2 protein chains.
Amino acid sequence: MTILLTNDDGIDSPGLAAARRALAQLGEVKVVAPLSARSCTGKSITIGRALRVVEARTLDGAPAQAVDGTPADAVMIALNALLKRRPRLLASGINLGSNIGLDDVLDSGTLGAAFEAAMRGIPSIAASYCMDGREPVEEDLREAGEVLRRVAEFVLKEGMPKGVDVISINVPQGFKLGSSPLRLTRISTKPRRSPYVRVEGGYAIKSWSLDLYPMDGEDTDVGAVKRGSLSITPISLKLPARRRGCEELLKALQA
Amino acid sequence: MTILLTNDDGIDSPGLAAARRALAQLGEVKVVAPLSARSCTGKSITIGRALRVVEARTLDGAPAQAVDGTPADAVMIALNALLKRRPRLLASGINLGSNIGLDDVLDSGTLGAAFEAAMRGIPSIAASYCMDGREPVEEDLREAGEVLRRVAEFVLKEGMPKGVDVISINVPQGFKLGSSPLRLTRISTKPRRSPYVRVEGGYAIKSWSLDLYPMDGEDTDVGAVKRGSLSITPISLKLPARRRGCEELLKALQA
């Protein structure tokens with residue numbers, strides 16, 4: 001039984017190492033992750049150049065392979081060429097930062113990797129640690145790893161809940177399993193405040209904090225995390241089409 | 001009345017010029033597009049460096065602004081800093097290549113720009129020309145421009161159909177308004193075949209063709225385009241959460 005593990009912070013992230021240690025209790029973990037940090041690249045893939053695959057190690061010395069592309073590149077090359085068997089599960093993370101609200105969910109390389117695998121029918125879990133700009137706390141990462149391990153164990157045993165393709169976990173700072181609150185959530189669709197600021201020479205994203213996300217209901221990922229709850233978001237990977245009401249549009253084209 | 005126009009093939013694309021010419025019949029068109037080609041970057045944004053904005057021109061000489069980032073960067077910087085007024089509409093394209101199936105829709109910079117604006121409540125249209133690897137045909141681009149113009153005119157007059165955030169148009173090669181078939185479609189969720197091939201030094205995406213997409217029903221974007229129909233896909237921008245059936249998962253975490 002193989003679990004494929006990737007992330008978007010790159011092969012040297014302490015979040016990746018924490019995820020690997022936690023998942024190794026469940027089976028063989030194959031780590032195939034981006035060579036360098038590729039945050040905010042969504043499900044994007046690389047065109048126009050060859051992608052190298054190099055033997056590497058995680059921060060704590062476990063064997064791994066690194067791809068000099070995006071998280072989705074890493075997943076696809078792992079599935080097509082690097083793994084001997086189709087993995088039972090894809091885990092992505094632990095991301096050093098939250099992934100909440102639809103803006104983030106569509107920008108996030110952590111989620112992008114999960115979407116890439118889920119498109120191919122592989123149960124996928126994205127794990128994010130809402131550390132909000134500061135350095136990661138070792139104990140928080142261990143706790144987030146334990147949450148990831150329990151969700152992975154559940155999915156390996158019971159399968160994904162019906163209609164769910166990706167489970168996105170956001171673990172708040174200072175979270176303690178057994179005492180901190182947990183929430184099943186949906187993705188907030190309130191737009192994130194713009195992270196761009198005017199700088200010398202143009203515009204840049206200087207910092208990132210929970211203040212960017214307008215407060216939303218407790219049943220949303222944003223609302224849960226802002227209130228200090230662990231957020232578990234079961235995602236169905238589809239963009240609904242609303243064809244009803246569009247007949248007039250078709251007529252305007254046929255006129 | 002301002003229309004914001006962007007793309008993912010970059011400021012020098014003939015598709016961008018064709019879109020601008022067509023939309024200029026409807027009102028003021030502000031062009032803010034990536035400085036260089038940024039295909040397959042989805043809704044990703046750029047972190048870690050400043051983004052320059054430079055005065056530029058489209059291929060046919062119209063004034064424009066170019067951002068050395070992704071399509072979503074261009075949209076956000078346009079909305080926050082470059083436009084005097086909130087645009088009535090965002091148009092993205094005309095992309096030199098199809099954007100069909102959920103894999104592509106989540107990878108596409110053309111769609112990514114439309115999602116970025118739609119998140120902020122701006123009616124958004126993505127236009128793609130399914131030219132399938134060859135050079136663009138001037139007449140096809142003109143026809144695609146006319147389709148885009150008619151859809152934009154409809155949306156400006158009638159508003160977006162209820163529950164629709166983005167309209168994605170895929171125009172097949174050789175399409176003729178008035179004689180070629182048209183279809184209202186949903187997004188195919190069948191996974192694209194892997195575009196990566198083994199090359200000297202690693203893996204690369206060497207070519208792209210409609211063969212990558214497994215045939216699907218005529219009511220899908222893939223099925224319509226593969227059968228030579230124009231595909232109009234009305235998209236609701238949300239990833240549905242399926243919380244029902246996940247209570248057991250929560251219990252496993254609380255144990």
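1. One term before we start: contact here means heavy atoms within 4.5 Å. Keep in mind as well that this is a predicted model.

2. Have a look at helix α7 of chain A, residues 247-254. L249(A), L250(A) and L253(A) are buried there. They sit on the same side of α7(A), because the arc they cover around the axis is only 100°. The general rule behind this: an α-helix has 3.6 residues a turn, so residues three or four places apart point the same way.

3. What do the buried residues of α7(A) pack against? The partners belong to chain B: α5 (138-158), β7 (166-172), β8 (182-184) and β11 (230-235).

4. Back in chain A, strand β4 (residues 63-67) is largely enclosed by the rest of the structure, since 4 of its 5 residues are buried. On one count, β4(A) runs parallel to strand β2 (residues 28-34) of chain A, with 3 bridges joining them; P34(A) has V67(A) as its bridge partner.

5. β4(A) also pairs with strand β3 (residues 53-57) of chain A, this time antiparallel and over 5 bridges. Here V54(A) is bridged to A66(A). The hairpin of β3(A) and β4(A) has 5 residues between the strands, and G61(A) takes a positive phi near 90° in it.

6. Now for A127(A), in strand β6 (residues 124-130) of chain A. Is this residue buried or exposed? A127(A) counts as buried, because its relative accessibility is 2%. Leaving out residues up to four places away in sequence, A127(A) touches S92(A), G93(A), I94(A), N95(A), T110(A), L148(A) and I169(A).

Note on methods: Residues are numbered from 1 along each chain as its sequence is written. Chains are lettered from A and ligands numbered from 1 in the order in which they are written. This is a predicted model: local features need pLDDT of at least 70, side-chain atom pairs count only at pLDDT 80 or more; totals for chains, interfaces and linings use all residues. Side-chain values use heavy atoms; hydrogens and water are left out. Buried means under 20% relative accessible area, exposed over 50%, partly exposed in between (1.4 Å probe, protein chains only). Helices (H or I, at least four residues) and strands (E, at least two) are DSSP runs, numbered from the N terminus. The arc is that of the directions from the helix axis to the C-beta atoms. Two strands pair if DSSP finds at least two bridges between them.
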